[in-house]
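Dear colleague,

Please find the structure below, as promised. My notes on it follow.

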Amino acid sequence: MLFKSLAGLALAAAAVAKDVTYYWDIGYVTANPDGKLERQVIGVNGVWPPPPLHVSLNDTLVIETRNSLDTPTTLHAHGMYQNGTNYMDGPYMVTQCGIPPGGNMTYRIPIIQTGTYWIHAHFSAQYVDGIRAPLILHNPEEPHKYDEDVVLTLEDWYHDGAAGLLKDFLSWKNPGGAEPVPNGALIGRVGGDELYKLKFTPGKTYRIRLINMSALSMFHFSIEGHKMRVIEVDGVDTEEQEVGNVILSVAQRTSIL
């Protein structure tokens, strides 16, 4: 009887599982996210920032990728285990050859995890030029209760391109290994004098997925006059813990209520 029940659940899961497909043409565009300097960045389908990706447990994330850059590129889904699909992991010349200029690749990643992640280029320091986006793995049986789901990205931003920054960082003229100081920060892809605003309705509970997609910078996040309850850290659900602020280093993700 137990075997039949498990078999039935497996068949039901297989029946609803689906491919969630995105088409990403990775190429150069111009943007001025901090309002201080318009410069060349790397976008998707002719726009910047790249759109967030949403997929659910047991589905398969499919990214039809074309490289319209003049350098190789790859995509890395940060924090995902890639069990059995390490060749889809993205680190250039480690688990994957680069997609050459003008080339195509289809990423197929079975979703066996849930939570908050992000995806970015993994060729040299390329993602610092803006090719990075939230990746949200939804749980159909979400254990936490809330009314709305909000994604909030935190990023450092440079006016110089990644190739020049990397050259200066690795130069003999920088013997102490001083890291390049960013020109500013982007919150929700908005920086400089422009404020990113979240509108809340009293009485509702909001899940805010914080993602540090920076090159080097740590962020301290708090909401004046409010306590927060941490419910997820780096894709792992946790018991609710009330805090006054959250500290996120590069690549870390935390969900708060």
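Does Glu-242 count as buried or exposed? At 51% relative accessibility, Glu-242 counts as exposed, where buried means under 20% relative accessible area, exposed over 50%, and partly exposed in between (1.4 Å probe, protein chains only). The residue lies in strand β15, residues 236-243. Leaving aside residues up to four places away in sequence, Glu-242 touches Lys-227, Met-228 and Arg-229; contact means heavy atoms within 4.5 Å. Glu-242 and Gln-82 are 160 residues apart in sequence, and their C-alpha atoms are 32 Å apart in space.

Some conventions before the rest. This is a predicted model, in which local features need pLDDT of at least 70 and side-chain atom pairs count only at pLDDT 80 or more, while totals for chains, interfaces and linings use all residues. Residues are numbered from 1 along each chain as its sequence is written, and side-chain values use heavy atoms, with hydrogens and water left out.

The chain as a whole

The chain has 2 helices and 17 strands; these are DSSP runs numbered from the N terminus, helices being H or I of at least four residues and strands E of at least two. Along its principal axes the C-alpha trace spans about 70 × 50 × 35 Å. Of the 257 residues, 43% are buried. Among contacts between residues at least 6 apart in sequence, 71% join residues at least 24 apart.

An open sheet of 4 strands has mixed pairing and the order β3-β8-β7-β5, two strands being paired if DSSP finds at least two bridges between them. Its edge strands, β3 (53-56) and β5 (75-78), each pair on one side only. Strands β5 and β7 (residues 115-121) run antiparallel and are joined by 4 bridges. Within that pair, Leu-75 stands opposite Ala-121 in β7.

Salt bridges

The structure holds 12 salt bridges, each a side-chain nitrogen of Lys or Arg within 4 Å of a carboxyl oxygen of Asp or Glu. Three of these pairs are described here.

Asp-59 forms a salt bridge with Lys-18, with the closest N and O atoms 3.0 Å apart. Asp-59 lies in the loop between β3 and β4 (60-67) and Lys-18 in the loop between α1 (2-16) and β1 (19-31), so the pair ties together parts that are 41 residues apart in sequence. Asp-59 is buried at 4% relative accessible area, whereas Lys-18 is partly exposed at 48%.

Asp-19 pairs with Arg-108, the closest N and O atoms being 3.2 Å apart. Asp-19 is partly exposed at 43%, and Arg-108 is partly exposed at 38%.

Arg-207 forms a salt bridge with Glu-142, again with closest N and O atoms 3.2 Å apart. Arg-207 lies in strand β12 (residues 206-212) and Glu-142 in the loop between β8 (132-138) and β9 (148-157), so parts 65 residues apart in sequence are tied together. Arg-207 counts as buried at 1% relative accessibility, while Glu-142 is partly exposed at 21%. Separately, salt bridges that share partners join Arg-132, Glu-155 and Arg-189 into one network.

Regards
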